[in-house]
Amino acid sequence: MCGIVGYIGHREAYPIILKGLKRLEYRGYDSAGIAIYDGNDIKLSKTKGKVADLEERLEKEISTNGTLGIGHTRWATHGVPNDVNSHPHYSNSGDLVIIHNGIIENYESLKKELIKRGYTFKSDTDTEVLVNLIEDVKKKENIKLGKAVQIALNQVVGAYAIAVFDKNKPNEIVVARLGSPLAIGVGKDEFFIASDASPFIEYTKNAIYLEDEEMAIVRRHKGVKIRKIKDDSLVAPYIQELQLNLEQIEKGGYDHFMLKEIYEQPRAILDTFRGRLLSNEGIIKMAGVEDNMKKFLNANRIVVVACGTSWHAGLVSEYIFENLARIPVEVEYASEFRYRNPVINENDVVIAISQSGETADTLAAIKLAKSKGAFVFGVCNVVGSSIARETHAGAYTHAGPEIGVASTKAFTTQITVLTLIALRLARAKGTLSSSDYRHHLIELELIPDKVKIALESDAYVKTIADIYKNAKNFLYLGRGYNFPVALEGALKLKEISYIHAEGYPAAEMKHGPIALIDENMPIVVIATKKGHYEKVVSNIQEIKSRSGKIIGIVTAGDEQVKNLADHVIEVPETIECLTPLLTTIPLQLLSYHIALMLGRNVDQPRNLAKAVTVE
Ligand code: M6R
């Protein structure tokens with residue numbers, strides 16, 4: 001995915017766009033660029049690398065006087081990350097300039113046609129094809145930019161959020177979306193365009209979120225006109241008031257977003273059950289579940305679709321739903337599910353989990369499940385995201401913006417929402433007695449404070465990180481509820497430190513991975529008192545007798561594992577189904593510190609982007 005930003009109004013566009021790009025850099029960071037209309041011409045500067053690299057060039061290359069401009073931060077799809085492939089892209093005449101987030105799937109055939117018509121291309125991107133297609137339509141038909149964009153987009157297959165302007169009409173920016181988000185900030189005599197609201201939150205709290213297949217002409221002084229791309233019908237703009245504030249999208253004194261987000265988890269989990277877990281009344285209330293209770297209760301099974309960390313949260317929920325509510329659960333990689341002709345029908349409930357609500361594979365899996373008649377329930381963090389809109393009903397995690405590419409608070413808040421749902425269903429089905437149910441509510445309510453205690457291990461985890469930072473490989477082992485936590489711990493380490501790591505169910509070790517163990521192999525073993533404790537202790541013995549280095553994640557006060565392991569990190573005691581909310585904390589901290597010690601870019605690890613909007 002990429003980040004796009006634009007401005008038209010009475011202020012200097014350049015600083016607004018530059019700051020906006022920094023805020024959107026989490027969306028992609030292999031190259032960046034800005035185009036400003038300075039009153040006479042377009043000034044464009046772009047470069048491979050981060051927004052900071054662009055900033056250095058900008059001082060020399062860009063006039064700062066213009067009040068109209070667009071900017072882009074890229075995660076490459078078509079064409080390697082280099083200066084030429086960076087956005088914005090000019091049309092052949094140099095009149096039009098465009099930024100684009102998404103993929104034009106039929107760009108090769110469009111390009112061939114344009115080449116036949118005399119167009120030339122500097123870059124390998126699909127975006128340069130699109131801007132020339134728009135120019136071609138505009139010239140052929142002798143029409144205005146807005147109309148040309150509309151006709152061109154009707155020839156395009158793929159996904160896009162675009163912003164384009166014409167230097168001969170410097171009082172408007174044309175924007176459009178299909179499958180990639182686009183928000184328009186509405187100020188007084190000024191408008192902001194961005195992939196999310198973070199670039200304009202300090203200027204206006206009023207925003208319009210374009211729907212798929214909508215385009216808008218954003219005119220200086222005149223406002224926003226929205227149309228459907230397909231049938232040209234006018235759409236009344238719906239201006240919503242944003243709940244976001246500046247503090248939420250800044251680092252707030254932390255060195256990295258990831259660390260801030262790790263430390264935000266007590267608050268985030270509390271926000272997740274605020275207004276839902278009513279402990280005085282002893283009930284859980286979730287509108288999306290209550291309104292669809294029959295669907296849940298009559299379901300033959302729950303099928304979870306998700307990717308990455310969200311898939312790990314789905315795996316935890318398999319244990320939770322099955323144990324508490326006795327509903328069979330299957331957890332699917334969305335990317336496999338969508339191409340597998342899955343057996344699914346109206347008797348299934350599909351739960352789609354996604355922090356961003358934008359993941360292309362998850363979105364496609366939802367559409368497939370819907371087409372087969374299943375009821376689809378979304379668990380998303382980003383309010384108003386594509387997945388939140390595409391699902392029949394859902395529950396937000398309310399974690400607040402997660403900007404670090406490595407998912408942390410999204411994971412624990414997803415588990416929290418899924419636990420609430422499972423408990424509500426368990427109560428409705430009578431699979432938990434009322435005293436067990438109340439006990440679960442009480443224990444859940446204690447989790448934010450217990451996460452705070454788990455975070456106190458930070459300094460000690462840092463010393464462990466220092467000892468093992470140069471290891472070439474790590475193993476993570478867990479059982480039951482904590483098997484997915486082992487997978488998540490390994491993913492966290494891989495993605496930000498680039499150290500190879502594998503997660504396994506502890507008992508599987510004997511079926512292969514045990515061959516890897518020697519004195520150079522650190523093995524993180526989740527061995528909390530509840531759930532298969534003795535079995536995991538046996539696994540630890542097996543590792544020890546092969547000289548592996550054991551880092552145990554244990555319940556506070558545990559002596560048995562302490563005597564066996566090289567290091568133990570304690571987490572507070574809780575009921576078994578809630579242990580993942582605590583055991584995951586030291587694993588997040590361990591990967592953070594190792595990555596930092598290795599000099600990695602923790603918030604923007606190589607090759608990754610925050611949401612994967614391409615398959
Ligand atoms: O936004 P989503 O939850 O749908 O994203 C899914 C994965 O791309 C995401 O969890 C990814 O694995 C993270 N980088 C993990 O930290």
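Tutor: Let us start with a pocket: the lining of the second largest pocket draws at least three residues from each of domain 2 (251-454) and domain 3 (456-615). Domain bounds come from an automatic or database domain assignment. Please keep in mind that this is a predicted model, in which local features need pLDDT of at least 70 and side-chain atom pairs count only at pLDDT 80 or more, while totals for chains, interfaces and linings use all residues. Residues are numbered from 1 along each chain as its sequence is written, and side-chain values use heavy atoms, with hydrogens and water left out.

Student: What counts as a pocket, and how many residues line the second largest pocket?

Tutor: On a 1 Å grid over the protein atoms alone, a pocket is an open set of points where a 1.4 Å probe fits, with protein on both sides within 12 Å along at least five of seven lines, whereas a cavity is a set from which the probe cannot get out; lining residues have an atom within 4 Å of a point. Here the second largest pocket has 27 lining residues, and those nearest its centre are Cys307, Gly308, Thr309, Lys610 and Val612.

Student: Which element gives the largest share of that lining?

Tutor: Elements are DSSP runs numbered from the N terminus, helices (H or I) having at least four residues and strands (E) at least two. Helix H10 gives the largest share of the lining of the second largest pocket, with 5 residues, and the elements that each supply at least two are helix H10 (308-325), strand E20 (348-354), helix H12 (360-371) and helix H17 (483-497).

Student: How should I read a nonpolar core, and which members of the largest one touch the most others?

Tutor: In soluble globular proteins, nonpolar side chains tend to be buried together. A nonpolar core is a set of buried Ala, Val, Leu, Ile, Met, Phe, Trp, Tyr and Cys residues joined through side-chain atoms within 4.5 Å, where buried means under 20% relative accessible area, exposed over 50%, and partly exposed in between (1.4 Å probe, protein chains only). The largest core has 89 residues, of which Ile351, Phe377, Phe474 and Tyr476 touch the most other members. Helix H14 (residues 409-429) provides its largest share, 10 residues, and at least three residues come from each of domain 2 (251-454) and domain 3 (456-615).

Student: Which backbone details deserve a careful look?

Tutor: The peptide bond from His87 to Pro88 is cis, with omega near 0°, and Pro88 lies in the loop between strand E4 (68-74) and strand E5 (89-90). Arg326, although not a glycine, has a positive phi of about 55°; with a relative accessibility of 53%, Arg326 counts as exposed.
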